[in-house]
Amino acid sequence: MEQAKNYLQMQKLLRPEQVKHSEYQAALYLLSTDARLTDVAKRYISTEGINFSALKKATKGFDEPIQQAVDVAHNLFSYNSNCSVSPFDLSRMGYPMMDHVCNALFIAGDQYRVEVTQDKSGNWTLDLDSSRYEKNKQAQMFLESLSKEANLLEDRAMER
């Protein structure tokens, strides 16, 4: 998969401890979705971080969904950056960029982890490990069921 190769190319430009952080993973995930974008982004990634200001200028001529993805990646990477992409804009991104942005939200929220692996044929694949999200979801559902049960018991006690 091309995205896996793109992701790895950018990941190699960073320090090992940086790539463990969810904000780096989210940014690299979005920047790896398009080969042209990856080629430009690599110029602005170093052990110092990601220079989003320069990257945004360099991608001015790209399609709007790509520019919006860069803006979202910047905001997920640096929460205090201004993001001009509104929820309405996100809803109009269409496939596949909307899916990529939604995945990046989960990655930045430390709910998904990016995993790049190589199969027996030497092909790289990028997968998202959603096990943390699934555990959180199951825990929340369990707590909701306990709450419903407690409310039911309370209602029965009041009826007596």
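Colleague: Where does Gln-111 lie?

Modeller: This is a predicted model, in which local features need pLDDT of at least 70 and side-chain atom pairs count only at pLDDT 80 or more, while totals for chains, interfaces and linings use all residues. Residues are numbered from 1 along each chain as its sequence is written, and side-chain values use heavy atoms, with hydrogens and water left out. Helices (H or I, at least four residues) and strands (E, at least two) are DSSP runs numbered from the N terminus. Gln-111 lies in the loop between H7 and S3.

Colleague: Is Gln-111 buried or exposed?

Modeller: Buried means under 20% relative accessible area, exposed over 50%, and partly exposed in between, with a 1.4 Å probe and protein chains only. Gln-111 has a relative accessible area of 18%, so Gln-111 is buried. Contact means heavy atoms within 4.5 Å. Leaving aside neighbours within four places in sequence, Gln-111 is in contact with Phe-106, Asp-129, Ser-130, Arg-132, Tyr-133 and Asn-136.

Colleague: What is the phi of Asp-110, a residue other than glycine?

Modeller: Phi of Asp-110 is positive, near 60°. Asp-110 is also found in the loop between H7 and S3, and its relative accessibility of 27% makes Asp-110 partly exposed.

Colleague: Which residues of H7 are buried?

Modeller: An α-helix has 3.6 residues a turn, so residues three or four places apart point the same way. In H7, the buried residues are Met-97, His-100, Val-101, Asn-103, Ala-104 and Ile-107. Seen down the axis of H7, they fall within an arc of 165° (taken from the directions from the helix axis to the C-beta atoms), so they line one face of the helix. Their cover includes helices H1, H2, H5 and H6 and strands S3 and S4.

Colleague: Which peptide bond is cis, with omega about 5°?

Modeller: The cis bond joins Tyr-95 and Pro-96. Pro-96 is found in the loop between H6 and H7.

Colleague: At what angle do the axes of H1 and H2 cross?

Modeller: Axes are lines fitted to C-alpha atoms, for helices over the stretch in contact, and angles run from 0 to 180 degrees between N-to-C directions. The axes of H1 and H2 come within 9 Å and cross at roughly 130°. H1 is therefore oblique to H2: angles under 35 degrees count as roughly parallel, over 145 as roughly antiparallel, 65 to 115 as roughly perpendicular and the rest as oblique. Gln-3, Tyr-7, Met-10 and Gln-11 in H1 meet Gln-25, Leu-28, Tyr-29 and Leu-31 in H2.
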